[in-house]
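Welcome! Let us take a friendly look at a pocket and a pair of helices.

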Amino acid sequence: MISGPTATGKTELGIKLAQRLNSVIINADSRQIYQELDIGTAKPTPLQRAQVPHHLIDWVAPTVAITVAQYQQQVQQLLTRWHGQGKIPLLVGGSGLYLQAVVQGLCIPPVAPQHELRQQLATYSQRERYHFLQQIDPLSADKIHPHDPVRTLRALEVYYVTGTPLSQLQGQRIPPYPVLFLYLDSEQLHQRIRQRTHHMMAQGLVAETQFLRQKYGDDLPLLKTLGYREIGDYLQGRLTLEQAQTLIIRHTQQLAKRQRTWFRAQTGLVHINSDRPDCADYSWQKVQEFLTAIRY
């Protein structure tokens, strides 16, 4: 598995290692599963995807709501398939909950999104929703940041549908296979984020956002996510293009900080500095050491 904060070079490293392993890549980015969201999600290019088979990229239409449980099920099926063929798939991406669901075998309540319930809960502020959660499921509230509306809403949704706190429904079924967790990070991350944002703008992020808004409407939830939200504000005249770009960089840096915080709580990570010139060779060395260890 290759993960780490955004803009650290996970895509490039994943391709190089998958080629050496003669294997495949399974996407672990929560937005790259959606079709047509290409530039704003830093999705691997067609040329990159031609070098190594990629799975769960462009999996569903932007209008389809995919749960973590559905993602987990798809990945488990793919892992069974490729393990059966003697291959070692690479899980590549920075979405912590997606990764956790797979490698830690989280038991996820099979509760589909409840649109009417979510609309009702949306009438309350995040502070009020979090307070509700503290009352009905304090264990989940302790694990969820007060400013995390997505996980707060999900915990409330599970409780109101099942009548049981999310913390009581969750558990783990550790997978029966060993996992190597390569954690990629960079001392030049802020510079990398700035460069990637400039590249996205040059590649046509504004045109992509405009196309998506025209095709699916302004209310598409994915258009409220990083990159598309700021460009949407520009298209509606609330920001200048320069202001939108500055905000994308700032919000991406904030995302990277949250990702680093999440990864610090994980154990067994093999830290890789993506700035080192021999990053791919060093990572391959760690893969070989891991494979040697599990064979004996």
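## Finding a pocket

On a 1 Å grid over the protein atoms alone, a pocket is an open set of points where a 1.4 Å probe fits, with protein on both sides within 12 Å along at least five of seven lines; lining residues have an atom within 4 Å of a point. A volume is the space filled by probe spheres set on the points.

This is a predicted model, where local features need pLDDT of at least 70 and side-chain atom pairs count only at pLDDT 80 or more, while totals for chains, interfaces and linings use all residues. Residues are numbered from 1 along each chain, and side-chain values use heavy atoms, without hydrogens or water.

## The second largest pocket

The volume of the second largest pocket is about 370 Å³. Its lining has 20 residues, and I88, P89, P178, V179 and L180 lie nearest the centre.

Helix α14 gives the largest share of this lining, 4 residues. Helices (DSSP runs of H or I, at least four residues) and strands (E, at least two) are numbered from the N terminus. By class, the lining has 19 nonpolar residues, 1 polar and no charged. Here Ala, Val, Leu, Ile, Met, Phe, Trp, Tyr, Cys and Pro count as nonpolar, Asp, Glu, Lys and Arg as charged, and the others, Gly among them, as polar.

Helix α6 (residues 126-136) packs against helix α8 (residues 149-162) at about 45°, with axes (lines fitted to C-alpha atoms over the stretch in contact; angles run from 0 to 180 degrees between N-to-C directions) 10 Å apart. Among the residues in contact (heavy atoms within 4.5 Å) are F132 of α6 and L156 of α8. The contact has 9 nonpolar, 2 polar and 1 charged residues.
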